Amino acid sequence: MVQQLYPVRLKSSLHETIWGGRKLELAGWKELPEGDIQIGESWETEVSTEVQNGPYAGQTLGALVDLLGVDLLGTRASAVFGQRFPLLAKFIDARTKLSVQVHPADEYAAQHEGGKLGKTECWYILATEPGASIVYGLRAPSTRVEVQQAIVEVRLEELLHEEPVEPGDVVFVPAGTVHAIGGGVLLYELQEYSDVTYRMYDYGRLDAHGQPRALHIERSLDVTEYMPGARIKVRPVVLAETEEYSARCLVASRYFVEREFVLRSYLEDQTGNSCVIITSLGADLHIFYGAHLEQSEPLKRGETLILPAALGKYRLTGTGAFLSSYVPDTDDAAWQLWREQNS
């Protein structure tokens with residue numbers, strides 16, 4: 001049986017958090033529920049959310065993975081991540097600072113978290129308030145004993161490196177990096193599809209019930225990189241500059257390549273050995289697909305589509321900026337070029 005393949009539209013999954021706000025709506029990215037509900041995250045590719053368009057409408061992304069398999073995921077994505085959707089894309093609105101966290105690598109997560117993936121992620125800063133910053137790594141080389149003592153004494157801030165951020169900054173966060181998003185930051189996050197997060201430190205804050213939030217101190221110390229990060233803001237590299245569009249590779253690793261396009265008229269491309277996640281950062285465009293590119297799906301600011309790996313050729317028309325992310329082959333040209341300039 002030949003499966004129907006087309007750009008898949010999902011409904012964003014909105015998550016209320018104690019540190020979230022309303023900026024996703026105020027800035028025109030999302031429609032939020034009415035009332036005093038603080039939304040911290042909008043998950044764009046959550047596997048439990050339902051398809052909104054086409055023949056698979058009403059089925060979840062997870063069900064689509066089971067149904068389409070490698071035709072949806074791609075051979076490379078399946079080789080790296082197995083038969084699961086590989087990447088989770090999010091919009092994050094941090095009204096106040098998040099807890100200090102660290103994520104394990106795949107090997108540790110597989111051993112200690114029941115076979116789950118670890119988490120490497122990246123951030124593309126979309127908007128900031130004056131003085132906004134992030135926590136990224138430690139200020140100076142440290143030891144497990146020193147960090148643990150600072151946590152117990154509620155003074156870990158003394159050891160953390162804070163980095164000012166502004167719109168357009170790109171931050172790569174490998175597994176093992178101690179990190180936190182600061183207040184007044186709106187960003188787009190791309191990560192391995194994993195829910196394994198170790199909360200290392202929460203500034204002594206209490207939750208809505210007056211209780212401290214749970215920490216995962218021992219496991220966070222197990223996976224922490226105790227040397228300062230060599231580079232915090234990475235250097236995007238130019239991939240193309242034409243009359244029709246410009247393209248940059250924002251960040252690249254074995255887990256994902258994230259490219260930014262600024263479309264001026266049209267772009268023709270094709271899927272390969274990975275599904276592709278396309279998110280509009282303001283672009284108003286149409287994606288044409290099919291044997292003769294006779295079918296189309298619109299995409300507007302803040303919306304996301306998933307292109308199945310076996311979709312083949314497609315054409316984008318319109319204007320504005322969007323992101324395109326996928327799991328790269330080992331010889332991927334964008335990954336190689338990015339690595340040369342971000343060694």
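## Helix α2 and what covers it

In this predicted model, the buried residues of helix α2 are covered by elements including β1 (8–9), α3 (70–73) and β20 (304–307). Helices (H or I, at least four residues) and strands (E, at least two) are DSSP runs, numbered from the N terminus. Which residues of α2 (residues 61–68) are buried? They are L61, L64, V65 and L68, where buried means under 20% relative accessible area, exposed over 50% and partly exposed in between (1.4 Å probe, protein chains only).

These residues lie on the same side of α2, because they cover an arc of only 105° around the axis; the arc is that of the directions from the helix axis to the C-beta atoms. An α-helix has 3.6 residues a turn, so residues three or four places apart point the same way. After α2 comes G69, with a positive phi near 55°.

## The nonpolar core

The largest nonpolar core has 73 residues, and F85 and F322 touch the most other members. Such a core is a set of buried Ala, Val, Leu, Ile, Met, Phe, Trp, Tyr and Cys residues joined through side-chain atoms within 4.5 Å. Leaving out residues up to four places away in sequence, F85 touches T45, V47, L61, V65, L73, Y193, C275, I277 and I306. Contact here means heavy atoms within 4.5 Å.

A word on how to read these values: residues are numbered from 1 along each chain as its sequence is written, and side-chain values use heavy atoms, with hydrogens and water left out. The model is predicted, and local features need pLDDT of at least 70, side-chain atom pairs count only at pLDDT 80 or more, and totals for chains, interfaces and linings use all residues.

## An open sheet

Six strands make an open antiparallel sheet in the order β2-β3-β4-β11-β6-β9. Two strands pair if DSSP finds at least two bridges between them. At the edges are β2 (13–21) and β9 (170–173), each pairing on one side only.

Now look at W123. Its bridge partner in β11 is E189, and in β9 the partner of W123 is V171. Strand β6 (residues 121–128) is joined to β11 (residues 185–192) by seven bridges, while β6 and β9 pair over four bridges. On β9, V170 and F172 point one way and V171 and V173 the other way, yet all are buried.

## Aromatic pairs

How many aromatic pairs does the structure hold? There are ten. Rings of Phe, Tyr and Trp (its six-membered ring) pair if their centres lie within 6.5 Å; planes under 30 degrees apart count as stacked, over 60 as edge-to-face and the rest as tilted. Y6 and Y56 are stacked, because their ring centres are 5.7 Å apart and their planes are at 10°. Y6 lies in the segment before β1 and Y56 in the loop between β3 (39–43) and α2, so the pair ties together parts that are 50 residues apart in sequence. Y6 is buried at a relative accessible area of 5%, and Y56 is buried at 7%.

W29 and F91 form a tilted pair, because the centres of their rings are 5.2 Å apart and the planes are at 40°. Both W29 and F91 are buried. Ring pairs link W29, F91 and Y188 into a cluster.
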